Amino acid sequence: MFKSLFAKSPKQLYGWFGDYSSWAEVAAETSGYDAGVILEKTKTAILKVKNGEAVYERDSVNFNEKQYPFPLISFLLHSAALQKKPLHVLDFGGSLGSTYFQIKEFLTPEICASWNVVEQDHYVATGKEHFEDDRLKFYHSIADCQKANAIDLVVLSSVTQYLEEPHEFLSQLASYQFPFLLFDRTAFHYGDQDRLTLQIVPPEIYEASYPSWFFNQPRFLNHFQDHYQLVAEFTSYVKGEETMQINGQELGYDKGFYFQNKSIYA
């Protein structure tokens with residue numbers, strides 16, 4: 001997710017806009033997530049990280065200095081300590097392994113047994129061809145991933161707000177009863193209902209637009225009250241995402257949550 005950028009020209013507004021009544025309505029105005037330019041730019045950026053030509057990649061952009069998601073790292077280590085074994089991590093919507101490469105130095109054999117990305121088909125094909133190794137794997141679905149490994153921790157970083165039916169997904173995710181869930185960089189706003197917006201990406205990142213939800217926080221958390229204990233909540237580690245602008249006004253915010261299955265406390 002990107003910090004909103006506003007230029008002087010009305011035709012050059014970037015960020016989050018509108019309050020749409022349906023996914024189909026906003027999707028008709030967007031280029032979508034599956035545009036080939038996004039995948040190609042992401043692949044190029046992460047290959048530079050893999051090959052040692054860049055330090056860090058986020059949202060297809062390379063950086064000279066790494067920015068660590070310390071809450072994610074802390075709860076990853078905490079989960080491994082509670083499980084008393086290396087974790088099998090499921091990174092849902094994890095691109096081509098962005099988070100894996102970002103924190104790879106922390107993923108020692110004692111902490112991480114496997115890092116499993118579940119993504120769209122074209123990302124999986126590219127991931128398998130260019131990035132998969134003994135520990136980093138790519139799958140088309142959670143079910144396919146589960147056939148290979150018993151998942152301990154699910155990571156969802158800047159992904160849930162880009163699903164067409166997020167609440168159906170969240171209910172299903174809770175029903176799996178994985179030991180740990182970690183949401184990072186998830187968009188919320190202060191309204192009583194979820195808000196569906198049009199996100200326009202700054203062209204210096206790539207030219208694209210897509211639907212993007214801002215969730216009502218109590219409704220979001222309600223999915224997990226039966227099976228999970230909310231252990232911690234935290235703000236986004238990305239500067240500028242602590243508050244989010246919709247139509248140029250600070251109406252939202254990015255936030256993260258760490259859940260443990262209640263059976264761990266039993």
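# Reading a predicted model

Biologist: Which residue follows α7, and what is its phi?

Modeller: In this predicted model, helices (DSSP runs of H or I, at least four residues) and strands (DSSP runs of E, at least two) are numbered from the N terminus. Most residues other than glycine have a negative phi, and most peptide bonds are trans. The residue that comes after α7 is Q177, and its phi is positive, near 55 degrees.

Biologist: Before going on, what pLDDT does the chain average?

Modeller: Residues are numbered from 1 along each chain as its sequence is written, and side-chain values use heavy atoms, with hydrogens and water left out. Local features need pLDDT of at least 70 and side-chain atom pairs count only at pLDDT 80 or more, whereas totals for chains, interfaces and linings use all residues. The pLDDT is the predictor's confidence in each residue, on a scale from 0 to 100. Of the residues, 92% score at least 70, and the chain average is 90.

Biologist: Is Q177 buried or exposed, or partly exposed?

Modeller: Q177 sits in the loop between α7 and β9 (180-189), and it is not a glycine although its phi is positive. The classes are buried for under 20% relative accessible area, exposed for over 50% and partly exposed in between, with a 1.4 Å probe and protein chains only. With a relative accessible area of 38%, Q177 is partly exposed.

Biologist: What is the relative accessibility of S158?

Modeller: S158 also has a positive phi, about 50 degrees, although it is not a glycine. Its place is in the loop between β8 (153-157) and α7. S158 counts as buried, at a relative accessibility of 12%.

Biologist: What arc do the buried residues of α7 cover?

Modeller: In helix α7 (residues 166-176), the buried residues are P166, H167, F169, L170, L173 and A174. The arc is taken from the directions that run from the helix axis to the C-beta atoms. These residues lie on the same side of α7 because their arc around the axis is only 155 degrees.

Biologist: On the other side of α5, which residues are exposed?

Modeller: Helix α5 (residues 121-130) has Y123, V124, T126 and G127 buried. Their arc around the axis is only 170 degrees, so they are on the same side of α5. The exposed residues on the other side are D121 and E129.

Biologist: K43 touches which residues?

Modeller: K43 lies in helix α2 (residues 36-50), and it is buried, with a relative accessible area of 17%. Not counting residues up to four places away in sequence, K43 touches L96, T126, H130 and F131.

Biologist: The rings of Y100 and F101 form what kind of pair?

Modeller: Rings of Phe, Tyr and Trp (its six-membered ring) pair if their centres lie within 6.5 Å, and planes under 30 degrees apart count as stacked, over 60 as edge-to-face and the rest as tilted. The whole structure has 27 aromatic pairs, and both Y100 and F101 are buried. The ring centres of Y100 and F101 are 5.2 Å apart and their planes are at 80 degrees, so the pair is edge-to-face.

How values were computed. Contact = heavy atoms within 4.5 Å.
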